[in-house]
Number of protein chains: 2
Amino acid sequence: MRRIFSIAVTVFALASVATYLAAASAHTDGEADPVFGIKIFPGYRDWKLISVAHEAGNLNDIRAILGNDIAIKSYREGKQSFPDGAVIARLSWNYVPSEENNKIFGRDQSFVAGSAPDWYLQFMVKDSKKYAATGGWGYAQFDKDGKPADAAKHGTCYPCHVPAKDRDYVFTRYSP
Amino acid sequence: MRRIFSIAVTVFALASVATYLAAASAHTDGEADPVFGIKIFPGYRDWKLISVAHEAGNLNDIRAILGNDIAIKSYREGKQSFPDGAVIARLSWNYVPSEENNKIFGRDQSFVAGSAPDWYLQFMVKDSKKYAATGGWGYAQFDKDGKPADAAKHGTCYPCHVPAKDRDYVFTRYSP
């Protein structure tokens, strides 16, 4: 009986790892966004941190902004604009109080990353020729299952970023 | 006159880059914390993201939790406890509204990472033998200038983490 239990635990553990590994590498060969033709970048979850933010209001998320090596280098050198090849990823999670942490602290002070919302993953991709019509950047949004948002949603990206033109259309500043 | 101006701009730009590069690599050979003997880990700012959080109350910071490769691997495999060599870094910045972003959005909804507070940088270092008396983890806190907090402050780390013993004393969960 103990042996069966042990085997069951092992099988369950292996299945969990397999599920995790599948999730970690999923969607990178998936569907491109319908406007800019951008697919999810392989390995984006391993990219280096640019900064973090909380977006209140309707979105009510907490987010990490990561960059590929070209973007990180450009940020760290304090460049005014990004070179072609720079990619910035924005990962969002629902902004939730942590009940388990607050129980320890004795008050509601800890807000953490919860489940992934429909706007989980966004990319800005710098290609000054390909995306000349939208300030040199292509934009893409995917949900946690790797499904791109529709064309109408993608039409809203560039207009919202235009007021940040002085910062090469990028809202996020680097946090040392 | 124009040439002098141009030279001045160039010198200023080079100085800025030099200052930045110095800041990026500073403090890694600095002072160890006075209780656990931990120094700032070289390259911690390049580590992979575990998750993000907002700590309200007295701290009122927004934070990123990063891990070295051993910690990230352990998280991603869903392990219950961390192996020796795992290091978790917690970087905090003051939690501030972004005036430049809110002006664009037309309302106060964007909260970003501001300047670094005195508790800018913390590490948890797993060494089950060396730190057996504190649950197998050593703790260290440094300010933005690389100065470790005092011994009294370091005495508060472990007691606060004890209630999270079931999670191997680690508060932060991995955000996929």
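1. In what order do the elements of chain A run from the N terminus on? The order is α-β-β-α-β-α-β-β-β-α-α, and the secondary structure of chain A comes to five helices and six strands. Keep in mind while reading on that this is a predicted model.

2. A few overall figures for chain A. Of its 176 residues, 45% are buried. Among contacts with a separation of 6 or more, 52% are between residues 24 or more positions apart. The accessible surface of chain A is about 9100 Å², and carbon and sulfur atoms hold 58% of that.

3. On to the interface itself. Here 42 residues of chain A touch 42 residues of chain B. Between them the two chains bury about 3900 Å², and 53% of this area is on carbon and sulfur atoms. Six salt bridges cross from chain A to chain B, out of 18 in the structure over all chains.

4. Two of the cross-chain bridges deserve a look. Side chains of opposite charge can pair when their charged atoms come close. A:Asp46 and B:Arg76 do this with 2.7 Å from N to O. A:Asp46 sits in the loop between H1 and E1 of chain A while B:Arg76 belongs to helix H2 of chain B, so this pair joins two chains. How exposed is each partner? A:Asp46 is partly exposed, at 31% relative accessibility, whereas B:Arg76 is buried at 16%. The other bridge to check is A:Glu100 with B:Arg173, where the closest N and O atoms are 2.7 Å apart.

5. While you are at helix H2 of chain B (residues 69-76), note which of its residues are buried: B:Ala71, B:Ile72, B:Ser74, B:Tyr75 and B:Arg76. Just past the helix, B:Gly78 has a positive phi of about 70 degrees.

6. Within chain A there are bridges of quite another kind. A:Asp168 pairs with A:Lys126, with the closest N and O atoms 2.9 Å apart. This pair links distant parts of the chain, 42 residues apart: A:Asp168 is in the segment after helix H5 (157-161) and A:Lys126 in strand E5 (residues 121-126). Both of these residues are buried.

7. B:Phe36 is in the loop between helix H1 (2-25) and strand E1 (48-55) of chain B and B:Tyr139 in strand E6 (residues 137-142), so the pair ties together parts 103 residues apart in sequence. Buried or exposed? B:Phe36 counts as buried at 11% relative accessibility, and B:Tyr139 is buried as well, at 3%.

8. There is an aromatic cluster in chain A too, formed by A:Phe41, A:Tyr44, A:Trp47, A:Phe123 and A:Phe142. Of these, A:Phe41 lies in the loop between helix H1 (2-25) and strand E1 (48-55) of chain A. A:Phe41 is partly exposed, with 23% relative accessibility. Its C-alpha is 9.9 Å from that of A:Gly30, which is 11 residues away along the chain.

9. Last, a residue on the outside. B:Ala152 is part of helix H4 (residues 151-154) of chain B. Is it buried or exposed? B:Ala152 is exposed, because its relative accessible area is 58% and the cut-off for exposed is over 50%. From B:Ala152 to B:Val35 it is 8.9 Å, C-alpha to C-alpha, although 117 residues separate them in sequence.

Notes
Residues numbered from 1 in each chain as written. Chains lettered and ligands numbered in written order. Predicted model: local features only at pLDDT ≥ 70, side-chain atom pairs only at ≥ 80, totals over all residues. Heavy atoms only, no water. Buried < 20%, exposed > 50% of the residue type's maximum accessible area, 1.4 Å probe, protein only. Helix = DSSP H or I, 4+ residues; strand = E, 2+ residues; numbered from the N terminus. Contact = heavy atoms within 4.5 Å. Areas by Shrake-Rupley, 256 points an atom, 1.4 Å probe, with all protein chains shown as cover. Phe/Tyr/Trp six-rings, centres within 6.5 Å; stacked < 30°, edge-to-face > 60°. Buried area = accessible area lost by both parts, 1.4 Å probe. Salt bridge = Lys/Arg side-chain N within 4 Å of Asp/Glu carboxyl O.
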